[in-house]
Amino acid sequence: MGRITVRRSVTRLSLGQPPKTKADFLAAEEPLEIRVGGQQLAITMRTPGNDFELAAGFLVSEGVIARGEQFQSAMYCAGADGTADGLNTYNVLDVRLSPGTPSPDPDLARNFYTTSSCGLCGKASIDAVELTSSYDVSGDPVTLDAERLVTFPERLREQQAVFEKTGGLHAAALFDAATGRLLVLREDVGRHNAVDKVIGWAVQNDRLPLTGTVLQVSGRSSFELVQKAKMAGIPILAAVSAPSSLAAELAEASGMTLIGFLRGESMVLYSRPDRILHTDDGMDARP
């Protein structure tokens, strides 16, 4: 798995038993500097892999682009300080936007690290982070059988190859609501990075807006994840854990269906419950 995992020696200790030293695997975490047209835009801590998708999804999430055709190309380049004999560490990525696509607002540039657990750290206010999407998810006529929806978390878990090896990665997957088909799954040490990689896949495959789809995430749903889904035109966001209060408020205001505590045969619907079809027998969809 290359740089996705790191092998190191650890000591396992159990009460009543002698310590055991053995090799273990950790999820890799390295910085990625994202540039647009040679200008630094952001630095995020991520698990290496699918970096072009990560950059493309990030640009959608930040409102820089809204269509696949606006993402012209991306390439790795050497670090800004020219150290290490100019060697390419594959931790600096420069994106080229298509001709006619406006460059990012200079105010968007973040001269700090975006940690792998919080892509919004350092933003001054909600007004600074709530963005206007090119897509109206409230008008998406998608519906989904609850019996199909409850299978998504386990299907996501079964496909988490790196999690199986390390136990330390988040995952995001995109499902087609009409057929239940898994379209794409990505893993990363950061929840927001995993979602950006999924959205970036859609950018590179000219799938925006992502109408009629369900974004399933392995952890909780934050304001930022709801916003990313909104910016990509995703009408349904489901998580195995709880949403934050702002996530629920933004989902309701946007007309997005937000689902939390999707475990076993039960779930909690926080907004637009009309999209989830269910029978009264054998299904708990608590309001």
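**Exercise 1. The end of helix α1**

Which residue with a positive phi follows α1? Then describe how far α1 is covered.

Solution. The model is predicted. Step 1: α1 is followed by G63, and the phi of G63 is positive, near 75°. Step 2: helix α1 spans residues 51-61 and is mostly covered, with 10 of its 11 residues buried. Step 3: the buried residues of α1 include D51, E53, L54, F58 and L59.

**Exercise 2. The chain as a whole**

How many helices and strands does the protein chain have, and what percentage of its residues count as buried?

Solution. Step 1: the protein chain has 8 helices and 16 strands. Step 2: of its 287 residues, 51% count as buried. Step 3: the protein chain exposes about 13,400 Å², and carbon and sulfur atoms supply 50% of that area. Step 4: among contacts with a separation of 6 or more, residues 24 or more positions apart account for 54%.

**Exercise 3. Two helices side by side**

At roughly what angle do the axes of α6 and α7 cross, and which residues meet there?

Solution. Step 1: the axes of helix α6 (residues 191-204) and helix α7 (residues 223-232) come within 10 Å and cross at roughly 10°. Step 2: angles under 35 degrees count as roughly parallel, so α6 is roughly parallel to α7. Step 3: from α6, the residues R191, H192, V195, D196 and I199 take part, and they meet E224, L225, K228 and A232 of α7. Step 4: sorted by class, this contact of α6 with α7 has 4 nonpolar, 1 polar and 4 charged residues.

**Exercise 4. The nonpolar cores**

Which residues touch the most other members of the largest nonpolar core?

Solution. Step 1: the largest nonpolar core has 52 residues, and L59, L174 and L215 touch the most other members. Step 2: α6 gives the most to this core, with 7 residues. Step 3: not counting residues up to four places away in sequence, L174 touches a set of residues that includes L182, V198, W201, L215 and I234. Step 4: another core, of 20 residues, lies apart from the largest one, and among its members are A146, F152, A171 and L185. As background, nonpolar side chains in soluble globular proteins tend to be buried together.

**Exercise 5. I276 and its surroundings**

Is I276 buried or exposed, and what does I276 touch?

Solution. Step 1: I276 is found in strand β15 (residues 276-277). Step 2: the cut-off for buried is under 20% relative accessible area; I276 has 4%, so I276 is buried. Step 3: leaving out residues up to four places away in sequence, I276 touches L144, A146, L149, T257, I259, M267 and L269. Step 4: I276 and D145 are 131 residues apart in sequence, and their C-alpha atoms are 5.8 Å apart in space.

**Exercise 6. Backbone exceptions**

Where is D206 found, and what kind of peptide bond joins L208 and P209?

Solution. Step 1: most residues other than glycine have a negative phi, and most peptide bonds are trans. Step 2: D206 is not a glycine, yet its phi is positive, about 50°. Step 3: D206 is in the loop between α6 and β11, and at 56% relative accessibility D206 counts as exposed. Step 4: P209 is also found in the loop between α6 and β11. A cis peptide bond joins L208 and P209, with omega about -5°. Step 5: F261, in strand β13 (residues 257-263), is not a glycine and has a positive phi of about 50°. At 30% relative accessibility, F261 counts as partly exposed.

Terms used:
Residues are numbered from 1 along each chain as its sequence is written. This is a predicted model: local features need pLDDT of at least 70, side-chain atom pairs count only at pLDDT 80 or more; totals for chains, interfaces and linings use all residues. Side-chain values use heavy atoms; hydrogens and water are left out. Axes are lines fitted to C-alpha atoms, for helices over the stretch in contact, and angles run from 0 to 180 degrees between N-to-C directions. Helices (H or I, at least four residues) and strands (E, at least two) are DSSP runs, numbered from the N terminus. Angles under 35 degrees count as roughly parallel, over 145 as roughly antiparallel, 65 to 115 as roughly perpendicular and the rest as oblique. Contact means heavy atoms within 4.5 Å. Ala, Val, Leu, Ile, Met, Phe, Trp, Tyr, Cys and Pro count as nonpolar, Asp, Glu, Lys and Arg as charged, and the others, Gly among them, as polar. A nonpolar core is a set of buried Ala, Val, Leu, Ile, Met, Phe, Trp, Tyr and Cys residues joined through side-chain atoms within 4.5 Å. Buried means under 20% relative accessible area, exposed over 50%, partly exposed in between (1.4 Å probe, protein chains only). Accessible areas come from the Shrake-Rupley method with a 1.4 Å probe; for residues, only the protein chains shown count as cover.
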